[in-house]
Amino acid sequence: MDAVFLQILNGLDKGAAYALIALGLTLVFGTLGIVNFAHGALFMLGAFCAVTFNKMLLISTKILDPTVTLFKAYKEKPYLEIWFPDVGPVLVDYSVPLSILLAIPVMLLIGFILERGLIKHFYSRPHADQILVTFGLAIVIQELIKAVFGANPIPQGAPDILAGSAAVGSWIGLGENVVYPWWRLIYLSFSGIIIFGVFAFLQFTTYGMVVRAGMRDRETVGLLGINIQKRFTIVFSLATAVAGLAGVMYTPILPPDYHMGMDFLVLSFVVVVVGGMGSLGGAVLAGFLLGIVQSFASMTEVKAILPGIDQIIIYLVAVIILLVLPRGLMGRAGVMDD
Amino acid sequence: MTNENKFNFSRRGMLKAGAAGGLLAATPSFFMRDAWAASDFRNNPGNASEIKLGFNVPQTGPYSEEGKDELRAFKLAVKHLNGEGDGGMLNTFKPSVLKGNGVLGKKVGFATGDTQTKSDAARASAKRLIEKENVLMISGGSSSGVAVAVQSLCQEQGVVFMAGLTHSNDTTGKDKRRYGFRHFFNAYMSGRALGPVLEKEYGKERKAYHLTADYTWGWTQEESMKATTEELGWQTTATVRTPVGAGDFSQYITPVLNSGADVLILNHYGKDMINSLSQAVQFGLRDKQVNGKNFEIVVPLFSRLMAQGAGDAIKGILGTTNWNWKLQDEGSQAFVKSFGAEYGAPPSMAAHTCYVQTLLYANACEMAGTFYPPEVIKSLEGFKFDGMGNGATEYRAEDHQCFKDVLVVRGNENPSSQFDLLNVVETTPRSQVEYDWKIFGGELGPYKA
C-alpha cells in the first residue's frame with residue numbers, strides 16, 4: 001500500500017510537469033490553431049530564467065583560498081554576501097522561487113514578441129508549415145541557450161528549508177516511513193494552482209469568455225467589434241508564461257540543460273493527443289494519467305515481469321487509447337479531423 | 001682445355017650464398033629493433049617534425065565534467081612532454097626514458113574530439129581523429145560503453161588506444177583488444193576493495209538494493225558488487241536498471257523506500273550519480289531506519305568532481321577511487337602542484353589517469369624506438385613502473401589491465417577546503433584486488449591490425 005501511494009504521488013508529480021506543458025500547447029492550438037513545436041523550448045527558457053537569476057545573485061569576486069597550499073587556489077565570494085551578509089545568503093537560498101518574479105515578465109514579453117514577430121504570419125498556413133517553423137524556432141532557441149550557458153546541466157537547489165522530505169504517510173495514517181520530498185509536493189501544488197488559475201481565467205472572466213467564444217467562432221466575434229487578434233496575442237503570451245513557470249519550478253527537480261525542452265516536448269505532444277486535440281481538460285487529465293502509468297511501470301515488480309516497460313509504457317498506452325477513442329480522452333469532433 | 005663452367009654452382013655453394021645473403025639482409029635488425037616494421041603503418045609520421053595525439057573526451061553529456069578535466073590533463077601532459085612547464089610527473093616516473101624533448105625527437109601536438117558520452121558519436125569522433133587529423137594514438141573517454149566501442153575501432157584501424165576513465169570489467173575482459181590499454185581500475189577491483197570495509201562498517205546482515213546504469217559499466221559494477229556483498233552474507237533485494245541520463249530518478253527511488261532493503265548501492269556515475277544520490281537523500285533515505293539499522297547508501301565508484309556536484313549529499317558515503325589528489329607520494333604531489341598551478345584546482349582521478357596514459361604511451365614509443373604500433377604495444381605489455389601516484393604498478397601483458405593499489409574513500413564530513421571532499425579510508429594493496437585474467441574471457445587479438 002505504501003509503495004502504491006508513493007508511486008501515485010510520483011506519477012502525479014511527473015504528470016504535473018506534462019500537464020503544465022500540454023496545457024499551454026492545447027491553449028495555443030485551441031485558440032490560435034497553431035501546432036507549436038517550440039513550446040518545449042519555452043519550458044526550457046523558463047528554467048533558464050531561474051539559472052540566470054541565480055547567476056545574477058552569485059556575481060562574485062575571487063578570494064585566495066589559504067587552505068590549499070600546493071598551488072594558488074581561489075574561492076568565489078558573491079558580492080551579495082559581502083554587501084548584505086545577513087540577507088544575501090537568504091536571497092541566494094531562495095533564488096528558485098524568487099526567480100518567478102523575473103520569469104513572469106520575461107516570458108510574457110518573449111511570448112508577445114514571438115506571436116507578433118513570427119507566429120501570426122502562419123495562422124492561415126497549413127499545419128505542416130507551422131510545425132516546420134516552430135520546430136526551427138525550437139532549435140534556434142536551444143542553440144542560443146547552448147551558446148550562452150554551455151551544454152551541461154546546471155543544478156539549482158531548492159531552499160534549504162524545503163530540501164528534505166515530508167512525512168506524508170503520517171498525514172494519512174500510513175506510518176512515518178512514507179516520506180516524499182517537500183519540493184516535489186510544492187511543485188505538485190504549484191501546478192494545481194496554475195492549472196486552476198488558467199481554467200478560472202477562461203471560465204470566470206469576461207476576457208476568458210471572449211477568448212472561448214473566439215475559439216468557437218473567430219469570425220462572429222470579430223463581427224461583434226471585438227479585436228480577437230489582440231486577445232489571441234495575450235493568450236499566446238499567457239501560454240508562454242505558463243510553460244516558463246513550469247520550467248522555473250522544475251529546476252530543483254531536474255538540473256536544466258539546453259535539451260530539456262525537447263525531452264519534454266515529445267511526451268507532451270503524446271499527452272495532448274491522448275487528451276484530445278484542443279481540449280484543455282483532456283490535456284490535464286492525460287498528463288496526470290500518463291505520469292502515473294509511467295511511474296507504476298517503473299516498479300521493480302512490474303519490471304521483473306516486463307523488463308524495459310518503463311521506457312515504452314507511455315507510447316503503448318497512447319496507442320491503446322487512440323485505438324479505442326480515436327479523438328483522445330476528451331477530444332471534440334471536427335478538431336484536426338482532416 | 002678446361003671444362004670449367006663460369007657459373008658452376010654446387011648445391012653447398014648455393015646454400016652458403018643464400019645464408020650469407022640472408023645474413024646481410026638481416027643485418028639492420030641487429031641494430032634497429034624496428035628495421036622491418038611496416039613503414040606504411042597508419043598515420044606514420046615519417047620525417048615530420050611533429051606528431052599528433054587524439055584526445056577523445058566527453059565535452060557534452062552526463063560525464064562532461066570529467067571530460068573537461070581529462071582535456072586539461074592531456075594538455076598538461078603534452079606541455080610536459082615537450083619540455084614546457086615544471087615537468088610534473090616526468091620528474092618522478094621511473095623507469096622512464098622521456099627527456100622532455102617531445103617523443104622520439106618530434107614535438108607533440110594534439111587534436112580533440114567530443115564523445116558526447118555516446119558510443120556511436122565517440123566512434124565517429126575517433127574515426128575523424130584517425131582519418132582526418134592523422135593521430136598516432138587515441139586516449140580519453142569517461143564511459144565504458146564508449147571505451148569498448150572506440151577500442152574496437154582502434155584495433156581495426158591499427159591505432160593504439162590508451163583508455164581514459166573506464167571501469168567496466170569488460171574493457172580489459174571480454175572486450176579487450178591488443179591495441180587497447182587501461183590504466184584505470186575496474187569494477188571487480190572496487191568490489192574486492194570495498195568488501196572488507198563494508199563488512200567492518202555495516203556488518204554481515206544487510207539487504208542491498210541496486211540501482212544500475214543500463215550499460216556495460218553498470219552491469220559489471222552491479223555484478224561485482226553483488227558478488228562481493230553476497231560473499232559477506234548480505235542479501236540482494238533487487239537489481240534495477242535505469243537509463244543513462246535519466247535525470248529524474250524518483251520513479252526508481254520510491255520503490256526502494258518500502259523494499260525492505262537497508263542499503264542502496266548506486267551503480268551510477270557522473271551526472272547520473274549526482275542526480276540519483278541527491279534525489280535519494282531528498283527522499284529521506286539517509287534518515288531512515290530499516291530492519292533496526294540505519295539506512296546506508298554506497299557509491300562504488302567515486303570521484304571528487306561528482307562529490308562537488310552532489311554537495312552535502314555525499315558526506316559520509318563510502319566508495320572507491322582510482323586516485324586522490326591528497327595522496328602524499330612524490331608523483332601525486334608533483335602532478336597536483338603542476339595541475340593546480342595551471343588551472344587553479346586539483347586534478348580529478350579522470351584527469352590523473354589520462355595524464356598518466358599519455359606519458360606511458362610516449363615512454364613506450366621511446367622504449368620501442370619507433371611509433372610502429374606492434375612494437376609500442378610490446379613495450380607496454382608487462383611494463384612495470386612507479387612514481388605515477390599509485391605505488392608500484394604493472395601493465396599486465398595478458399589483458400592490458402594495470403594493477404596497483406585501490407583507494408577506499410568516504411565523503412568528507414568536515415572538509416578543510418573547497419576541494420577536500422573525500423577522505424581515504426583505506427589503501428587496499430594490489431595483491432588483494434588481483435585476479436586471474438581468464439575469468440572475464442575475451443581475446444586480445446593480433447599485433448598487426
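**Exercise 1.** Locate N291(B) in the predicted model and decide whether it is buried or exposed.

*Solution.* Start with the place. N291(B) sits in the loop between β9 (289-290) and β10 (293-294) of chain B. Next, check the backbone. Phi of N291(B) is near 50 degrees, which is positive, and the residue is not a glycine. Now count neighbours. N291(B) has 11 C-beta neighbours inside 10 Å. The cut-off for exposed is 12 or fewer, so N291(B) counts as exposed.

**Exercise 2.** Examine L104(B) and P95(B) in the loop between α2 and β2 of chain B.

*Solution.* Take L104(B) to begin with. Its phi is positive, about 50 degrees, although L104(B) is not a glycine. Count again: 14 other C-beta atoms lie within 10 Å of L104(B). Buried needs 20 or more and exposed needs 12 or fewer, so L104(B) is partly exposed. The peptide bond from K94(B) to P95(B) is cis, with omega near -5 degrees.

**Exercise 3.** Describe how domain 1 and domain 2 of chain B meet.

*Solution.* Domain 1 of chain B covers 50-185 + 325-404, and domain 2 covers 188-321. Their C-alpha centres are 29 Å apart. Then list the contact: 19 residues come from domain 1 of chain B and 21 residues from domain 2 of chain B. On the domain 1 side, α2 (64-81), α4 (144-157) and α11 (349-368) of chain B each give two or more residues. Finally, sort that side by type: 7 nonpolar, 8 polar and 4 charged.

Terms used:
Residues are numbered from 1 along each chain as its sequence is written. Chains are lettered from A and ligands numbered from 1 in the order in which they are written. This is a predicted model: local features need pLDDT of at least 70, side-chain atom pairs count only at pLDDT 80 or more; totals for chains, interfaces and linings use all residues. Domain bounds come from an automatic or database domain assignment. Two residues are in contact if their C-beta atoms, placed from the backbone, lie within 7 Å. Helices (H or I, at least four residues) and strands (E, at least two) are DSSP runs, numbered from the N terminus. Ala, Val, Leu, Ile, Met, Phe, Trp, Tyr, Cys and Pro count as nonpolar, Asp, Glu, Lys and Arg as charged, and the others, Gly among them, as polar.
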